[in-house]
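Grab a pencil and work through these exercises with the structure open. Try each task before you read its solution.

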Amino acid sequence: MATIARWCFRHRYAVLALWVVMLAALAVTSRTWGTAYDAGISLPGSDSDQAQLLLRTGGLAGQSGGDTIVVHRSDGAITDPAFRARFSAVLGNVAHLPGVIAVHDPYGPGGKVSADGRTAIADVDFARDNQALTLDDVQPVVDTAARLRGDDVRVEFGGAGFQSLKGRPASGSVVIGLIAAAVVLLIAFGSLLSTAIPLLSAVLALGAAIETIGLLTHALSIDSLAPTVAALIGLGVGIDYALFIVTRHRSGLRAGLEVEESAVQALRTAGRAVIFAGGTVTVAMAGLALLGINFLTGIGVAAAIMVAFAVVAATTLLPATFGIVGVRVLSRRERRRGTVSGPDNGFWTRWVGVVQRRPVLLGAAATVIMLALAVPAFSIRLGSADQGNDPAASTTRKAYDLVAEAFGPGYNGPLVLAAQAPAPADRAALNQLVTSLRGEPGVASVAAATPTAPISVVRVTPTTSPQSADTGRLIDRLRDSVIPRAEQGTTLRVYVGGQTALFEDFGAVLGDNLPVFIAVVVALGCLLLMLAFRSIVIPLTAAVMNLLAAGASFGVVVAVFQHGWGSEALGLGKPGPIEAFLPVMLLAILFGLSMDYQVFLVSRMHEEWVASGDNPRAVRVGIAATGRVITAAAAIMVCVFLAFVLGGRRPIGEFGLGLATAILLDALLLRMVLVPAVMQLLGGANWRIPHRLDRVLPRISIDSPQPQPGGRPAPEADLAPTTY
């Protein structure tokens with residue numbers, strides 16, 4: 001690291017130019033080639049995936065369910081001849097738009113006009129899968145159909161195809177997050193240059209990563225949600241990694257080091273820990289590929305790329321920037337004050353003294369708080385929130401409410417049965433199936449075209465909403481006992497698909513793989529910490545604390561999004577089930593981020609333990625040296641994550657709130673209370689490892705000697721960690 005840091009410092013303008021040129025080249029290439037985000041979930045071998053493949057084979061992909069134009073009259077009937085003529089003309093215009101296969105007339109056979117004659121639903125079949133539709137695909141439909149609106153006429157749009165109409169772009173959340181981070185940095189540093197440097201590093205890394213992810217969509221299956229998740233993670237860790245290195249550099253300057261030596265020392269210490277911490281986050285994100293689901297694999301790869309760019313920016317761009325700004329990275333007041341040496345008996349030194357005097361009481365209090373926050377997590381219900389959980393002001397929520405009131409909740413999530421009937425006998429069997437479906441409990445209606453083609457579509461409307469557990473049980477019953485199977489001697493093939501069935505299958509797959517995934521993530525974290533600190537106790541306590549943080553964050557997410565404690569007030573819609581993919585993704589992200597704080601804190605303790613063999617002193621010095629920078633870093637992450645909560649997209653809101661809660665609790669309760677309390681109680685056992693195990697494990701060192709001017713020791717309670 002020292003060689004890289006020195007080279008970047010001495011070639012500062014070349015390094016900065018290389019970053020700018022690289023970002024420009026990536027941007028131009030990305031704009032030229034475009035992106036190919038999949039925006040879809042594929043579960044190979046599942047019933048819903050087989051249904052989708054069958055629909056594509058028959059050229060019926062757009063009929064995979066539920067994209068609608070909902071029209072409601074408050075002072076007249078939908079069936080009024082004059083209004084009907086106007087409505088039909090507008091629908092005819094929609095049907096001729098590019099990307100639209102057909103618009104189903106609500107007045108024709110099988111049409112959808114409510115019993116009171118005030119609400120009508122026109123189904124829209126797009127040429128592309130509804131999950132792959134973008135704003136450019138659906139906006140012309142919205143603009144054309146909106147011409148019907150008037151004083152007594154409401155026009156709203158529902159279904160998965162119109163998802164792109166919800167929420168503000170992620171760029172808005174990025175800007176808000178950057179502003180909040182700038183405020184925290186300015187308060188922490190009191191210097192505009194010190195504030196700007198971490199932001200510059202994070203923004204350049206963010207831009208380069210987003211463009212790279214866009215280019216990779218041509219080679220890998222990456223969901224359209226991936227850039228937003230990657231930006232959420234990358235912005236937080238990018239600023240934090242830069243913050244740790246900048247803080248260490250400022251500490252070196254205040255201790256009397258020359259600018260170049262301070263920059264090299266910052267990279268030799270803080271930079272090594274950033275690489276280690278970033279590597280663990282990257283591995284955790286890439287570990288999502290173990291689940292074998294393209295949706296999660298793509299998001300994991302995107303997040304891993306984002307973190308990798310954040311690490312590279314922090315370890316190359318920062319020393320170059322240090323060379324450009326020189327001592328001005330310190331505020332004028334700090335430059336006037338001159339060299340600072342000797343211990344700092346500030347807040348964190350006093351705080352750790354309190355914890356060490358009452359480790360049992362404070363440790364128990366922190367544990368009780370974490371467990372209390374985790375209680376709602378035991379009632380978690382995984383599934384897929386439907387558009388009835390959207391913000392009240394969104395058109396998808398308005399359409400959902402109109403349909404549910406006029407037709408029943410099941411109309412918002414029809415099941416799409418894809419049938420392959422190659423022989424006349426199969427078509428007769430399909431007719432019999434349609435008849436039996438109409439008498440099935442939990443089925444409100446069945447719409448089926450006359451099965452004359454080899455591939456047919458049967459739409460089944462449940463009596464319950466898409467997110468209802470009863471709808472999930474209906475899907476299972478249809479598959480298990482109603483639909484004929486090959487083992488019954490028929491060549492008829494019928495698969496239950498559509499958005500509702502897809503997420504039912506998705507939840508089942510994740511539920512089966514979740515225990516293995518948790519075990520792998522925890523084991524990996526323990527192994528990495530064991531290699532770094534040559535200890536058995538530290539990895540095990542870290543694993544327990546990471547699980548406590550995850551449980552508490554899940555509890556808060558469940559309380560807000562499932563039980564509705566403030567969700568409407570935050571503009572996050574009505575309560576509903578937690579997205580099925582949230583636990584695995586949140587665990588992977590939290591594992592990596594928690595490792596950051598553990599490494600930064602324990603590495604400082606480890607250095608002091610190696611130097612003195614005094615465990616209480618090691619704990620005291622570790623907290624005193626890292627407390628301020630860890631809390632500042634946590635404050636930045638919390639601000640960034642909360643900015644994404646207010647973006648109006650429920651899955652991103654769940655991520656943002658879960659991560660913000662976990663980071664806040666991790667930094668304040670776990671690392672600053674529970675970790676020092678437990679380590680104080682365990683004493684020297686913290687740093688022991690069986691001799692035979694120590695001999696066979698490879699050695700990874702993140703500690704580094706700390707030379708100071710004139711051989712002076714580093715201040716005991718400096719603001720920055722001195723070993724990372």
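**Exercise 1.** Find what covers the buried residues of helix 3.

*Solution.* Start with the buried residues of helix 3 (residues 47-57): they are Asp47, Ser48, Asp49, Ala51, Gln52, Leu54 and Leu55. Buried means under 20% relative accessible area, exposed over 50%, partly exposed in between (1.4 Å probe, protein chains only). Next, look for contacts, meaning heavy atoms within 4.5 Å. The cover includes strand 7 (415-420), strand 9 (455-462), strand 10 (493-497), helix 16 (469-482) and helix 17. Helices (H or I, at least four residues) and strands (E, at least two) are DSSP runs, numbered from the N terminus.

Quick note on the model: it's predicted, so local features need pLDDT of at least 70, side-chain atom pairs count only at pLDDT 80 or more, and totals for chains, interfaces and linings use all residues. Residues are numbered from 1 along each chain as its sequence is written, and side-chain values use heavy atoms, with hydrogens and water left out.

**Exercise 2.** Locate arginine 534 and decide: buried or exposed?

*Solution.* First, go to the loop between helix 17 (499-533) and helix 18 (537-562), where arginine 534 lies. Then check its relative accessible area: at 11%, arginine 534 is buried. Finally, look at the backbone: phi of arginine 534 is near 50°, a positive value in a residue other than glycine.
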